[in-house]
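Please consult the sequence and the structure shown below.

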Amino acid sequence: MSWKLDSDRPIHTQLQEILQTQIASGALPPGSKMKSVRELATEAGVNPNTMQRAFAELERLNLIRTERTAGRFVTEDAARIAVAKDEIAMAQLELFRKKMKQLGFEKKEIVDFVRSKWEEEEDG
Amino acid sequence: MAELLRTEHLVKVYDNMSMPALDDITLTIPTGRIVGLLGPNGSGKTTLIKLINGLLQPTSGSVLIEGNRPGPVSKAVVSYLPDRFCLPGDRTAEELMQFYADFYADFDRERAETMLGSLQIERTARIKGLSKGTKEKLQLIMAMSRRARLYVLDEPIAGVDPAARDYILKTIISNYQPDASILLSTHLISDVENILDDVIFIRNGRILLCSSVEKIREEQGKSLDAYFREVFAC
């Protein structure tokens, strides 16, 4: 797992985003056991309390659940994971749209642009 | 969270100095925190650390570690890394481990051996023959190998290379116990800022700011390193 962190944004939000993406993409499969807070904190080079905070947030979002003795697991709720995936994709789309708008693209032009570029790619 | 360290209205005035080195420092450190002590040169960081470790006596005010003044009881639970090298040069790392095991009931030999191995430090060579960086690593390994309640580290990574720095920081994270805390002073803010819970800024012997590091990122939208440069701009 790659932990690229910016120091100018709260670390716990970034950890949460990274883990959320891992869950949404299936890199952390549904029902799989999560590594411990300490292991992940050591991997990421962050404070264990910060990792704990990211875990608590994922738990609140029902993306992971804690079993008192066995540890933490990724949710098996496929619908919940699909929603998470959708949210991340929407956020990316929003970023893209903003950037394109800055360049002067209108909504329809953006769609046309994406379609034509992708068709070119497929043809090429 | 229990209270591990408390200082109250701590003042230190050195002889022949008109300005106090520390002026009215009141702070507490609970268990389970990694706290950075940051400030420019001469701001009082080392003075505060020496007072916590009983190497200096306060002019007024008090330092309490789990309710005890600095002394044999506090030293049994505080692991201190001084800002200068102070290991016996004629001994070897092997002998040093024996020495630590005799002196400190909380010394964990296995932990020390693991770290010596990872950083490839010669255990049977005389310490004075080791390079400057290796000596610093050795001294830090000894400090981190105690299962202490409070680690007080004065510039722990200043003299070691970046790869060893990463290893040392990871060691700090993986050995970290929820009932212990770490107070560390450093100038290398960007290297340590992701592992800190809290930060104390001091200037001219006074506390300028005590805050959670995440709160600074949230409120200032910048890294601790950038914020430090802004606050202490010359």
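Predicted model: local features only at pLDDT ≥ 70, side-chain atom pairs only at ≥ 80, totals over all residues.

Which residue in strand 6 of chain B does Tyr80(B) stand opposite? Tyr80(B) faces Val152(B).

**Sheet of chain B**
- Six strands form an open sheet with mixed pairing, in the order 5-6-7-3-8-9.
- Strand 5 (78–81) and strand 9 (206–212) of chain B are the edge strands, each of which pairs on one side only.
- From one strand to the next, the twist averages 15 degrees.
- Strand 5 of chain B runs parallel to strand 6 (residues 150–154) of chain B, and 4 bridges join the two.
- Helix 8 (residues 213–220) of chain B lies across strand 8 (198–203) and strand 9 of chain B. The angle between helix 8 and strand 9 of chain B is about 85 degrees.

**Interface of chain A and chain B**
- Chain A contributes 18 residues to the contact, and chain B contributes 22 residues.
- About 1,500 Å² is buried between chain A and chain B, with carbon and sulfur atoms giving 48% of this area.
- There are 0 salt bridges between chain A and chain B, whereas 11 residue pairs are in polar contact across the interface, with both residues at pLDDT 80 or more.
- On the side of chain A that touches chain B, the elements giving two or more residues are helix 1 (11–25), helix 2 (37–44) and helix 3 (48–60) of chain A.
- By residue class, this side of chain A comprises 6 nonpolar, 7 polar and 5 charged residues.

Definitions and conventions. Residues numbered from 1 in each chain as written. Chains lettered and ligands numbered in written order. Heavy atoms only, no water. Contact = heavy atoms within 4.5 Å. Buried area = accessible area lost by both parts, 1.4 Å probe. Salt bridge = Lys/Arg side-chain N within 4 Å of Asp/Glu carboxyl O. Polar contact = N/O pair within 3.5 Å; in protein donor to acceptor, adjacent residues only side chain to side chain. Nonpolar A, V, L, I, M, F, W, Y, C, P; charged D, E, K, R; others polar. Pairing = 2+ DSSP bridges. Axes fitted to C-alpha atoms, helices over the stretch in contact; angles between N-to-C directions.
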